Every structure is written in structure tokens, then in C-alpha cells.
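Hi,

Here is the model I promised to pass along.

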Amino acid sequence: MMGGALAPFLPRSIAEAATQPKRLILVTNGQGTDMTRWRPTGSETDFTLSYALAPLEAYRDRMLVLDGIDNEAAIRGPGTGHFGQGTMWTGVVVPPGTVRPEEMLGWPTAPSIDAIIAQRIGEQTKFPAYYWGVWPIATDGDNQGPNGICHYRGSEDPINPQLNPATAFDTLFEGVMGTDPAVAARIRAERRSVIDLVGGELERVRTEMPAVDRDRFDAHLDSLRELEKRISQVSAVCEVPTRPDDFTQDQVRNYDLVHVFTRLQFELMRHALLCDLTRVACFDWPHSEGYGNYMPEEGYRAFGSIHTVAHTMSYDTPELMPTDEERAIAREDMANLQQWRSAMLATELLDKLPADVLDNTLLVWASEMSEGGTHSNRNVPIVMIQGQGFGAFTAGRYLRWGSYDPITNYSEYTGGQPMNKLLVSICHAMGLDDVDVVGDATISTGPLEELA
Amino acid sequence: MRRRNGIAAIACGVWMGSAIGCYTGLDGRGGGADGASEGGTTAAGEGGSSSGGAEGEVAVSPSELSRLTRSEYQRTVTAIFGEAIAADVDFGQLPADGKVGRFTSNAELDVNIDSLDAYRIVAEDVGEAAGAQAAALLGCDEDAACVEGFVRTMGRRIYRRTLADAEVARIVAFWEQYRTQGTVGDAMRMVVTALLQTPDFLYRLERGADGDEAEVRRLAGFELASRLSFFLWGQGPDDALLDEAEAGTLDDAEGLRAAVDRLLDDPRADETLVGFHLTWLGIDALQTQLVDAERFPQYELLRDDMVDETRRFVLHVLREDDGQLATLLTADYSFASPELAAFYGDGVSSTGADGRIELDPTLRRGLLTQASYLTSHARTPERAPIYRGKSLLVDVFCKQLTPPPGVNTTIDFDSSASARQQIEDATSGGACAGCHRMINPLGFLFEHYDGIGQFRTEDGSWPVVTEAEIVGTDLDGSYADAPAFIERLPDSAEVAACVSRQWLRFALSRPEGEQDEGSIAAAASQAGGDVFELVRALAQTDAFTHRRLPAP
């Protein structure tokens with residue numbers, strides 16, 4: 001595997017270092033995994049990590065492996081499993097609408113927890129939350145919808161992750177000390193003067209247009225003021241990473257560069273956390289599309305379309321009818337993919353975060369379905385890693401609910417816990433103690449008590 | 001983000017339909033049976049009453065302001081600044097689009113800080129590239145008159161209207177601010193970066209020409225020019241259209257018609273003509289369809305050829321042949337790569353040098369039997385009849401189906417019977433039957449085409465049965481197969497009205513409302529099955545030339 005080019009430790013020289021803020025990292029992957037190779041073995045407190053999670057061994061004592069969380073809003077909603085991305089972090093059923101004309105579905109009508117949390121703690125950082133992604137992800141035209149977009153600022157307000165590391169760099173680190181201060185100051189002044197001009201035009205248009213159109217421009221002006229604030233803010237002293245190369249649209253949207261872009265985005269995420277540019281960091285791996293052509297460079301067997309592999313995993317898709325051998329290969333490929341993701345999280349993200357930041361960070365990694373073949377939104381694979389000083393949950397545990405079985409018993413309710421409870425627990429962990437409901441209150445209220 | 005009136009009304013209509021059966025028939029929409037909504041509709045040639053008639057006579061449903069879509073933004077910037085500058089810009093950064101039905105539209109989506117940040121990033125990209133070409137863009141020796149002239153010309157293209165002197169002065173001052181402290185390139189970079197973030201560029205501002213009190217307003221000339229140009233070219237107006245708007249030419253039916261003709265005749269309309277059909281029939285999403293590569297190994301090689309076929313066919317019918325809807329639906333020819341022609345097999349009776357293929361019309365004819373369409377609505381071969389039937393009903397007949405009620409919609413197909421039989425068994429009872437009695441037969445007609453549209457006579461070990469009894473349309477009756485049914489489509493008033501409806505949605509970037517029904521019907525009846533006449537007629541309707549303000 002590729003080694004990190006960066007120094008493993010970067011000093012953080014903020015005066016408040018002693019009282020580190022809490023940070024949240026949400027990581028999402030689509031299509032689940034091979035659950036038989038994901039599940040740990042052993043008891044709640046004495047367990048062995050599975051093939052898929054083995055690269056995270058160093059974090060086992062800080063880990064909570066959750067085996068039995070149902071993406072309940074997806075189960076209750078339409079779309080036979082396909083819209084779990086839109087429900088997993090929001091906890092609401094995807095409503096009717098025109099965004100997905102085939103299914104007559106719209107956008108989720110509630111914010112995802114990253115946005116809920118960012119709204120409460122985000123004031124203190126330049127970016128209340130930041131979203132990274134790797135192509136192929138549902139940001140473009142017809143690909144997008146509640147089947148692809150995981151994060152929502154509010155009702156019907158999808159958030160597109162930033163796919164281009166160079167753009168993410170420019171957005172995040174502009175104005176951060178460490179770039180040439182004179183250049184940074186000039187760019188800031190230029191952007192402010194553009195915003196002044198645009199703001200003046202908006203004020204004019206707002207008064208010229210009919211009154212019913214004005215709320216449209218009020219919203220625009222509000223956002224412009226937020227943008228001005230963001231641009232004007234000079235962040236604390238921290239080390240700015242090397243700017244990634246410029247990439248063409250084609251490169252950013254190249255199926256075969258997932259491994260390259262994953263590393264670049266994790267590097268930016270680390271520095272964004274380190275520099276305290278954001279305390280809510282979200283990362284989306286490709287969802288249901290793409291190919292495994294890059295896997296040999298990572299030491300694994302190549303595979304074809306992820307979508308097809310995911311469907312081939314089980315016998316549940318009658319039109320595919322894989323042979324036993326095909327199914328076995330597909331399951332291995334999905335497990336390999338998850339093991340690679342574990343390795344990326346360990347080596348490119350967690351290992352390289354300085355201890356004081358890592359200790360105050362909660363990472364939650366989930367998928368919208370358990371196995372792509374069954375499209376079951378039950379028992380979605382979730383791993384949480386809690387920093388030593390985070391103190392919200394009792395870590396070093398493997399928790400199971402229900403009697404889900406990926407082969408024989410994957411769609412019926414077997415005693416799992418709704419994702420909504422976990423979402424409440426995450427809010428509590430981030431200091432939003434008054435939150436009792438996330439998403440649809442008829443699904444559940446209150447936290448997942450067993451985590452405490 | 002708040003849900004806006006138009007969408008809310010539609011969604012409500014869909015759901016309320018469930019109380020009374022499968023769908024809300026469009027003729028029953030909004031109690032329109034009394035014909036009230038048609039009362040004030042004007043259309044081309046009706047004595048010009050569409051210009052400046054009394055407010056009460058104009059029928060048009062409310063519309064929100066449109067913000068440019070990604071494609072409109074990219075095409076407009078490319079038209080203004082040229083291919084060379086556009087090539088340096090990553091337009092993929094632009095914020096995501098919303099949709100109205102199948103059609104892309106941002107009328108329902110507000111901006112937020114991240115979409116503004118995205119606009120900023122792209123505008124800075126364009127500005128950077130324009131700055132590097134400052135001298136060429138300026139096109140004259142840099143002096144006060146040259147700069148002012150440039151600002152007037154460029155500002156007019158970006159704002160899609162002539163700038164007031166005070167506006168010109170503001171932009172010139174902005175230019176000078178950066179010229180004083182930098183190069184001409186800096187001044188160009190900053191001006192372009194700023195102008196592309198203004199509301200005049202990002203929104204299609206429709207204030208109307210009828211004063212501040214009117215609820216229904218005829219669009220002012222420049223606003224109508226923008227509607228026309230975004231409709232027919234997918235980009236902002238060119239200088240000539242802006243000139244016509246300024247001269248008032250678009251304010252009467254004749255001038256408007258001449259402008260529509262000029263835009264339609266221009267190759268810049270090709271992409272719209274093709275794009276409408278691809279989007280209307282859901283073919284533009286073919287790239288994201290799940291097709292089982294192991295079961296259909298040819299698919300990956302044929303996919304682009306399939307879309308190419310439809311593009312070439314549509315363009316040929318509209319540009320070279322008679323431009324009739326009937327021809328689009330029933331033509332006994334098409335265009336295919338040698339591989340795709342071979343894939344069609346017996347359906348192709350001969351192949352010409354330019355890729356033109358002659359079809360055996362008893363096996364295959366028109367758009368709806370092209371592999372692109374058949375694959376786009378197959379999902380899997382077993383489920384294809386449901387998706388194809390639904391597309392026929394919703395896209396071609398404009399029936400409004402209710403979403404499946406909260407029941408398990410999975411069908412566990414096995415080899416115990418034909419897919420057709422299993423679909424009938426699974427959907428003939430209870431809550432399913434209301435819609436599926438209409439959906440299934442339409443889909444069964446297409447059972448001769450497998451999951452990627454190849455002709456077949458067997459479904460696994462079962463013989464294919466295509467004969468079906470169609471209900472719920474104005475072509476009800478028994479048909480032997482899809483070609484036999486398709487042959488009748490040109491006779492359907494429902495199909496003609498539906499195509500008019502789809503074009504209107506596309507033209508207005510918004511869902512239609514009950515007060516648009518007159519415009520839809522009038523355009524359909526004037527078109528007489530001619531696609532260009534339909535477009536011309538739509539451009540003259542109240543719905544196109546007016547804006548009703550949304551309720552506060």
C-alpha cells in the first residue's frame with residue numbers, strides 16, 4: 001500500500017490546545033459489504049475483528065462495532081432499498097416528489113445529523129461542516145437524488161460533496177496562515193469586493209422584482225453574507241498541506257482513480273480538522289457505481305462493476321441467478337473492498353491524526369444497506385471509533401441486536417434497533433444533549449441506551 | 001427549503017388521486033370539465049389578443065423564477081466567451097440541478113452558501129481564463145471609450161438586457177479600480193468574475209411589462225427573448241435576439257413567430273430538439289441504468305450506439321424528413337451502427353451506406369421500439385413490462401399514476417411460469433390492480449423485446465405472448481403487439497395533447513397548472529402533429545408569453 005508522504009505529526013499551536021473541541025467524522029459507503037466477513041467473532045467485550053475490519057485492529061479498544069442497526073426510514077419508505085442514502089443520516093422516509101421521476105420521489109424533508117450538529121457547534125469554525133467525496137458519486141445531473149446524496153442541510157436541501165481535492169484545498173485553506181499572507185490578503189480583498197458588487201446588485205434586484213419573489217433574494221443575500229463571513233475569516237495558525245495538483249473534470253470523474261482521490265481527500269480532511277477549520281467532516285465513498293480496476297494497485301484482485309458485483313453477492317436478484325462460484329467471488333470482492341476501506345481509514349486518516357485531535361474525535365462509518373445483493377436496509381454495518389478523551393460511549397465493544405442473517409434472514413425484523421436512535425446518540429455525544437428525536441419521531445425517540 | 005406552490009399542487013394531485021382509483025385523469029384536473037380554464041387562452045393567429053389583452057382574459061399558471069441549470073450556465077458562458085476560454089473551466093463544480101418531472105429545472109431550489117461558493121469557484125475560473133485573453137476580448141485599444149463599449153456589450157450578453165448608464169458606470173468603475181492597481185488582465189478577470197455572480201446572470205428575472213400591481217404580466221421583450229433562447233437553444237440570447245427584443249419586435253405575434261423560426265432553423269436548436277426527446281422518454285438516463293453485464297454481454301458495447309441511433313433518428317426526422325410526430329413514433333427506418341443493425345437482426349430489412357436501416361414495420365417501428373428506449377425502461381427483463389407500461393402511460397399518454405401504495409412491490413420471479421404470468425398473478429389483486437390493469441397490458445405488447453431491446457420469441461422456456469387488451473386510453477382495444485399498437489398512436493388525441501404538455505413543461509421549466517391547460521390544448525390542435533408547428537404554437541401561448549405571480 002501507498003505510504004503517506006506527509007509527516008505523521010503536525011503540531012497544533014493554538015493556545016486552547018488544552019481544551020480540545022469535539023469533532024465528528026461521518027464516513028459513508030454504498031452497497032454494504034459481505035456481512036459474513038464483516039462481523040467480528042467473540043463476545044461483547046472480548047472479540048476478534050473480521051477480515052473486513054482487521055486493518056483497524058490498533059483501534060479495537062476504542063471501537064464500537066454495531067451489528068443490528070436497521071436503516072428503518074428506508075425500510076418504511078418506498079424504493080425497495082434504493083433510497084437508504086437519503087434516509088440513513090436524516091432518519092426520515094423519502095417523500096413523493098419529482099426529483100426521481102421514475103419512482104415519483106423527492107428529496108428528504110429533514111436535515112442530516114451532520115447539518116443538525118453543524119448548526120449548533122459550527123459557529124466556531126470557518127466551515128460548520130465540510131463534505132468530501134470521491135467519484136462516482138451522485139453529484140451530477142441525472143445521477144443525483146435521494147438514492148445518492150447522503151447529507152442535507154435542511155428540508156429538500158441536498159449537499160454535494162466536493163470531489164475535486166484542488167478545489168477543496170483552495171476553499172478550505174485560502175486565508176489560512178501558512179499560505180503567503182500577502183497573496184491570501186489580496187485574494188480575500190478581491191473576493192470581498194466581488195461580494196460587495198454582487199450584494200449591491202441583489203439589493204437592487206430585490207426591490208425591483210415583485211414582492212413574492214423577494215424571499216428568493218433574501219435567501220440569496222443571507223447566503224452571500226455567510227459566504228462573506230467565511231471568506232473573511234482568518235483561521236488559526238496551522239500547517240497547510242501541499243496543494244494537490246489541478247485535476248481536469250475527466251480526472252476527477254475517473255472510475256479508476258478512487259484510491260488516489262481517497263488519499264488526497266483524507267489528507268485534506270486531516271488538515272482541516274487539525275487546523276480547526278471544521279469540526280464536522282463527512283466523507284462519501286462511491287456509492288453504487290464504479291469499477292474495481294484500481295484494486296490490484298492496492299494488493300487485491302480487480303473486479304468489474306461494483307453494482308453488478310453487489311448484485312451478484314446473493315441469490316436474491318432472480319434475474320442474475322449467479323452460480324455458487326460467481327457468488328463466492330463477488331462476496332470476496334465486496335469483503336476486499338471493505339478491508340481496503342478499513343485500511344484507508346486506519347493508515348490515511350486515523351494513524352496520521354495527532355493524538356490530541358484523535359482523542360477528541362468520534363468517527364462513525366456506515367452503509368445504507370447491509371448487503372448490496374439483498375438491498376436489505378436491515379442490520380447495516382456500522383463501526384464507531386471514539387477517541388480516548390471523547391468519553392461519550394463505552395468503547396471496545398461488539399454490540400449485537402436481533403438475529404439478522406445475511407443469507408437466510410435478511411429482510412424480516414429480528415429485533416434490530418432503528419438508526420434514528422443512533423443518530424440521537426451521536427447528537428448527544430457531540431454535546432447536543434437536548435436532542436431527543438432525529439428524523440421521524442414515529443420510528444423512535446431517545447438514544448441507543450446500550451452505547452453508554 | 002420550502003416546497004413551492006407548483007410542486008405542492010402536483011404532488012397533492014397525485015396523492016389525492018389514490019382515493020378514487022389509480023390516477024387522476026388529466027381531463028378531470030382541477031375541475032376543468034367546465035372548460036373554464038380554456039376560456040381566455042390565446043394562441044398564434046388569434047388576432048394578436050395575446051399582446052396586451054385585459055388581464056382577465058389571460059390564462060397562465062403561476063411560475064417561480066428560474067435559476068440557470070448547469071447546462072444552461074455552461075452553454076451560455078461558452079457562447080459569450082468562446083470555446084477556448086470555456087475549455088479552461090471545470091463546469092462540473094456548478095451546484096446540482098433540481099428537476100420538474102424528467103426535465104431539469106432550478107425553479108424550486110433556493111441557493112445556499114455552498115451553491116454560492118460553487119458559483120464563486122466557477123466564476124473565478126472563467127474570470128481567470130478571460131483575464132488571460134483580456135486584449136482579445138476587449139477587441140480595441142484600451143481607452144475609456146473602448147472599456148465602456150466593452151462593458152456595454154459584454155454586460156448586455158451577461159445580463160441578457162441592455163444596461164442602464166448607471167449600471168455601466170458602476171461596472172466601469174469596478175474595472176478601473178482593478179486596472180489602477182493591476183493589469184488589463186486583472187481588470188478583465190475581476191469584472192467577469194463579478195458579473196457571473198450577479199442575480200441578473202444567475203436567474204431569469206421575469207418582472208413583466210404590466211406594472212407592479214398585476215398578478216398576471218406579459219413578459220417584457222428581453223424576458224421573452226430569454227425564455228425563447230433558453231427554450232430553443234438551451235443558452236442565453238444572442239445579440240440579434242436582444243436587438244429584436246429591444247426594438248419591440250417580439251411584442252407582437254408576427255415578430256415572435258419570425259424569431260422562433262430563426263432560432264429553430266439554427267443548428268444551435270439541434271441539441272434542444274434531440275435533448276427534448278431523450279429527456280421526455282427517459283433515454284438521457286440510460287447511462288445510469290442497471291443492466292446485467294453477464295446476461296447481456298453485448299450491452300456495454302452497444303450502449304452508446306443505442307443513444308446515437310435515437311439522436312440521429314430524431315434529428316433526421318425533424319431536419320430532413322417531414323418533422324411529424326407520427327413519423328417519430330412510427331417510422332419504418334432508423335440509423336444504426338453495423339453492430340446495432342446486426343443486433344436488431346430480422347427487424348432490419350436493409351442497411352444503407354450512411355447507417356440508415358430500413359425496418360420491417362411488423363417487428364419494429366419508431367422511437368418506442370428503439371433499443372435505447374426499451375432498455376431505459378426495462379430494469380430487468382422480467383420487470384420490463386411494468387416499467388415500459390408505466391412509461392407509456394405516464395410519458396406518452398400523460399396519465400398521472402399514484403405511487404405504489406405502501407405495499408411490498410417486490411415480485412420474486414422464478415421459472416415456474418412466464419414473467420407475464422407472474423406479473424399478472426402478483427398485481428391483479430387488491431391495491432395493485434387499479435393501476436396495473438392499465439400498466440401491464442401496455443408493457444406486455446413489448447414482450448417481444450428483451451431487457452436490452454433485442455427481438456425474442458421466448459421468455460426463458462415460455463413462448464412470448466404479446467397480445468393484450470389496452471384499457472384506460474383513447475386507443476382502448478385489443479392489439480397483437482407493440483408495432484400494431486404504435487401504428488395507431490398518431491390517431492390518439494391523448495398522445496398529441498401529451499406531447500404538447502411535455503413540450504410545455506420543457507419550455508417553461510415548471511410543472512403545468514390548471515390554467516395552462518388551454519395553452520396545451522391550443523398548441524396541440526394548431527400543431528396538427530407537426531413538431532415545429534407545435535413549438536411555434538407553444539411560443540405564442542399565454543403560458544409562454546406571460547407570467548402569473550405565485551401566491552404570496
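Below is what turned up, starting with how to read it.

This is a predicted model, in which local features need pLDDT of at least 70 and side-chain atom pairs count only at pLDDT 80 or more, while totals for chains, interfaces and linings use all residues. Residues are numbered from 1 along each chain as its sequence is written, chains are lettered from A and ligands numbered from 1 in the order in which they are written, and side-chain values use heavy atoms, with hydrogens and water left out.

First, the contact between the chains. Chain A puts 62 residues into it and chain B 81 (contact means heavy atoms within 4.5 Å). Together they bury about 6,300 Å², 51% of it on carbon and sulfur atoms; that is the accessible area (1.4 Å probe) lost on putting the two parts together, summed over both. Between chain A and chain B there are 8 salt bridges, meaning a side-chain nitrogen of Lys or Arg within 4 Å of a carboxyl oxygen of Asp or Glu. In one salt bridge, Arg191(A) meets Glu124(B) at 2.6 Å, N to O. On the side of chain A that touches chain B, helix 5 of chain A gives the most, with 13 residues (helices are DSSP runs of H or I, at least four residues, and strands are runs of E, at least two, numbered from the N terminus). That side divides into 21 nonpolar, 19 polar and 22 charged residues; Ala, Val, Leu, Ile, Met, Phe, Trp, Tyr, Cys and Pro count as nonpolar, Asp, Glu, Lys and Arg as charged, and the others, Gly among them, as polar.

Over all chains, the whole structure has 69 salt bridges. Within chain A, Arg331(A) pairs with Glu371(A), the closest N and O atoms being 2.4 Å apart. Arg331(A) is in helix 10 of chain A and Glu371(A) in the loop between strand 12 and strand 13 of chain A, 40 residues apart.

Cheers
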